[in-house]
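Please look over the sequence and the model shown below, and keep both at hand while reading.

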Amino acid sequence: MTESGARSPRLLRRLNAQTLLRHALTTGDFAAAEAMRASGLSRATVLGVCDELVAAGWLEEIADSRLGGQYQRGRPARRYRLREDAGVLVGVDAGESRFDVAVADLRGTVLAQRHREADPGEVDLDGRRDLVRSLVEEALADPAVQGVPPLVTVIGVPAPVDADGASPEDNSAFWSLMNPGVDPGIPGLVLRENDANLAALAEHARRPEQHVATLLTGERFGAGLVVDGRLLHGRRGGAGEMRFLDLLAADDPDAGPSDGLGALARRWARGELERSAEPSVLRDLDPGRLDAPEVFAAAAAGDALAERIQRRLGERLAHVAVVLASVLDVERIVVAGGIAEAIGPVLAHARTVLEADFYPPHPELVASTLGRDVIVQGALEMGLRRIREDPLALDPGGQSVEVTPSE
């Protein structure tokens with residue numbers, strides 16, 4: 001027998017195990033007959049592979065609760081379910097100043113969360129790494145997690161990330177600071193991804209679409225791009241970095257090239273207040289605490305200065321939308337992040353600008369409904385996809401997962 005022929009039973013067994021494990025990850029308790037229908041495998045194969053998955057720590061065999069103590073003729077139904085202690089997922093949003101961690105079970109139900117704010121000027125590369133690790137440890141120590149170890153931890157960072165989890169060099173060294181690299185002390189498989197890409201995964205899980213851009217905007221602008229149903233990365237992970245914003249900001253003294261809508265609202269408001277004596281309720285606020293929510297609230301109350309800033313934001317967003325729609329032919333643009341819940345008037349003006357100044361077709365502009373947790377939710381979604389893609393490459397409960405053919 002050739003070497004490839006000798007390996008084929010092992011390969012077939014592994015493929016069958018992956019099929020049955022994916023079924024277990026997407027359902028509750030299941031009988032062998034249900035697994036047979038879902039997989040197309042024979043009863044003998046299903047029972048044999050399920051026994052091996054039980055031994056490997058992925059599944060547990062349970063009594064058939066439907067019998068209720070009644071006598072059953074013929075063979076008793078064998079039922080299985082995913083072990084609760086097989087592992088958990090960890091999603092991390094390691095932002096510039098905001099850090100969020102969520103721990104979920106292998107079906108995506110969140111069990112524990114942790115949050116911390118940090119001054120980016122006071123946290124160096126090692127400090128960011130330590131902060132993430134300590135938050136993950138705190139979340140894993142939550143009683144709801146019950147000490148179950150993580151299979152996959154996905155960390156979202158505000159920097160482009162390549163296939164190896166590294167970020168390219170940039171002139172300001174911002175990317176290398178935001179992505180500190182190796183994570184000693186975090187068990188299981190650790191993956192890194194750009195935060196806007198994770199936001200795109202979260203939005204795509206909620207509403208699968210073939211051509212959509214998710215704009216993550218607050219302090220900075222970034223985009224997660226789904227084209228032809230696939231998330232784009234590029235050679236160095238830089239797809240969606242939106243360097244064309246340098247051109248839009250070239251003649252604006254109050255705008256940095258990567259400023260998001262939140263940062264622009266704050267900077268433009270402070271600039272207007274400094275340059276003019278125009279009456280505005282914003283003058284009653286401490287300039288150091290003036291931020292986008294205050295600007296939007298003032299605009300909603302009819303403040304002329306705030307309304308003008310809101311219109312400028314709409315114009316900036318419309319220009320971004322035109323570039324994305326022209327280059328990538330996306331049909332829908334989702335504005336995500338903490339600012340999304342108040343972005344309605346900005347979107348309305350952006351739509352007006354698109355219709356008045358640019359030829360159709362125009363992309364649909366909508367606000368995300370996932371709030372500040374969009375990056376963490378995207379991180380959990382990426383972890384779920386990684387597990388479903390090749391669950392046998394991971395270690396349930398810290399045990400060996402090698403599934404071998406029955407002798």
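## About the model

This is a predicted model, in which local features need pLDDT of at least 70 and side-chain atom pairs count only at pLDDT 80 or more, whereas totals for chains, interfaces and linings use all residues. Residues are numbered from 1 along each chain as its sequence is written, and side-chain values use heavy atoms, with hydrogens and water left out.

Helices (H or I, at least four residues) and strands (E, at least two) are DSSP runs that are numbered from the N terminus.

Two strands count as paired if DSSP finds at least two bridges between them. E4 runs parallel to strand E7 (residues 150-157), to which 6 bridges join it, and Val-88 has Pro-150 as its bridge partner in E7. E4 is also joined by 6 bridges to strand E5 (residues 98-104), this time in the antiparallel sense; in that pairing Ala-94 stands opposite Phe-99. E4 and E5 form a hairpin, with 3 residues between the two strands.

## An open sheet of five strands

An open sheet is built from 5 strands in the order E11-E10-E9-E12-E13, and its pairing is mixed. Strand E11 (230-231) and strand E13 (364-367) stand at the edges, where each has a single partner strand, so one side of each is left without a neighbour in the sheet. E10 and E11 pair in the antiparallel sense over 2 bridges, and the partner of Val-227 in E11 is Arg-230.

## Helix H10 and its ends

Helix H10 takes in residues 304-328, which makes 25 residues, and from its first C-alpha to its last it reaches 36 Å, close to the 36 Å expected at 1.5 Å a residue. That expected span is 1.5 Å times one less than the number of residues in the helix.

At the start of H10, a side-chain oxygen of Asp-303 comes within 3.2 Å of the backbone nitrogen of Leu-305. Just after the helix, Asp-329 takes a positive phi of about 60 degrees.

## Two residues in loops

Asn-179 is placed in the loop between H5 and E8, and at 7% relative accessibility it counts as buried. A polar contact is a pair of N or O atoms within 3.5 Å; within protein, one must be able to donate a hydrogen and the other to accept it, and residues adjacent in sequence count only if both atoms are side-chain atoms. The side chain of Asn-179 makes such a contact with the side chain of Ser-167, at 2.8 Å, and a polar atom of the Asn-179 side chain lies 3.0 Å from the backbone oxygen of Gly-165.

Val-281 is found in the loop between H8 and H9, and with a relative accessible area of 46% this residue is partly exposed. The C-alpha atoms of Val-281 and Glu-294 are separated by 9.5 Å, while the two residues are 13 residues apart along the chain.

## Pockets and a cavity

On a 1 Å grid over the protein atoms alone, a cavity is a set of points where a 1.4 Å probe fits but cannot get out, a pocket is an open set with protein on both sides within 12 Å along at least five of seven lines, and lining residues have an atom within 4 Å of a point. Grid points are joined across faces, edges and corners, and a volume is the space filled by probe spheres set on the points.

The largest pocket has a volume of about 1,400 Å³, and of the 46 residues that line it, Glu-96, Gly-218, Glu-219, Arg-220 and Phe-221 are the closest to its centre. H9 gives the largest share of this lining, 4 residues.

How values were computed. Buried means under 20% relative accessible area, exposed over 50%, partly exposed in between (1.4 Å probe, protein chains only).
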